[in-house]
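User: I am new to this structure. Please take me through it in short questions and answers.

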Amino acid sequence: MLQEKEQEHLKLRVLLRAGAFIRASPSYNSKVEKVGSVEQGDVVETLSLSSSKDVTALNGHTVTWIQLTTNQKGWIPMQ
């Protein structure tokens, strides 16, 4: 029998000085809809078992994006 994992509700404070756009999908492509934004010091919420995705930025670095459960539900980069 498989044991189900419980999801944890996580609150994360935005540390990016410039803030970040919340996007409809995890992408740096300018054609992806921006559904909101967060500023440094804002608190965003996600679930521990929510989706995350590694995306290659324009500079070649891989950045993990997380899916928000509040704050206009969308995706934000972790760095």
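**Strands, rings and a pocket**

Analyst: D54 stands opposite T64 in strand 6. This is a predicted model.

User: How many bridges join strand 5 to strand 6?

Analyst: The two strands run antiparallel. They form a hairpin with five residues between them. G60 lies in that turn and has a positive phi of about 90 degrees. The number of bridges joining strand 5 to strand 6 is five.

User: Which residue of strand 7 does W65 stand opposite?

Analyst: Strand 6 is also joined to strand 7, residues 75-77. Three bridges make that antiparallel link. W65 stands opposite P77.

User: What kind of aromatic pair do Y28 and W65 form?

Analyst: The count comes to one aromatic pair. In the pair of Y28 and W65, the ring centres are 5.1 Å apart and the planes are at 80 degrees. Planes over 60 degrees apart count as edge-to-face, so that cut-off settles the class. The pair of Y28 and W65 is edge-to-face.

User: How many residues apart are Y28 and W65?

Analyst: Y28 sits in the loop between strand 2 (20-23) and strand 3 (34-38). W65 is in strand 6, residues 62-67. The pair links distant parts of the chain, and the separation is 37 residues.

User: Is W65 buried or exposed?

Analyst: W65 has 1% relative accessibility. Buried means under 20%, so the cut-off decides the matter. W65 is buried.

User: Over the ring of which residue does the charged end of K34 sit?

Analyst: This contact puts a charge over a ring. The distance to the ring centre is 4.2 Å. The ring belongs to F21.

User: How far apart are the C-alpha atoms of V43 and H61?

Analyst: V43 is in strand 4, residues 43-47. Its relative accessible area is 34%, so V43 is partly exposed. Along the chain, V43 and H61 are 18 residues apart. Their C-alpha atoms are separated by 25 Å.

User: How many charged residues are in the lining of the largest pocket?

Analyst: The largest pocket has a volume of about 190 Å³. Its lining residues include L12, R13, V38, I66 and M78. Eleven of the lining residues are nonpolar and no polar residue is among them. Arg counts as charged, so R13 belongs in that class. The number of charged residues in the lining is one.

User: Which strands each supply at least two residues of that lining?

Analyst: The lining has L12 and R13 among its residues, and also I76 and P77. Strand 1 spans 9-13. The strands that each supply at least two residues are strand 1 and strand 7.

User: What share of the 79 residues of the protein chain counts as buried?

Analyst: The chain has zero helices and seven strands. Its C-alpha atoms fill a box of roughly 45 × 25 × 20 Å, taken along the principal axes. Of its 79 residues, the share that counts as buried is 29%.

Note on methods
Residues are numbered from 1 along each chain as its sequence is written. This is a predicted model: local features need pLDDT of at least 70, side-chain atom pairs count only at pLDDT 80 or more; totals for chains, interfaces and linings use all residues. Side-chain values use heavy atoms; hydrogens and water are left out. Rings of Phe, Tyr and Trp (its six-membered ring) pair if their centres lie within 6.5 Å; planes under 30 degrees apart count as stacked, over 60 as edge-to-face and the rest as tilted. Helices (H or I, at least four residues) and strands (E, at least two) are DSSP runs, numbered from the N terminus. Buried means under 20% relative accessible area, exposed over 50%, partly exposed in between (1.4 Å probe, protein chains only). A charge sits over a ring if NZ of Lys or CZ of Arg is within 6 Å of the ring centre and within 35 degrees of the ring normal. Two strands pair if DSSP finds at least two bridges between them. On a 1 Å grid over the protein atoms alone, a cavity is a set of points where a 1.4 Å probe fits but cannot get out, and a pocket is an open set with protein on both sides within 12 Å along at least five of seven lines; lining residues have an atom within 4 Å of a point. Grid points are joined across faces, edges and corners, and a volume is the space filled by probe spheres set on the points.
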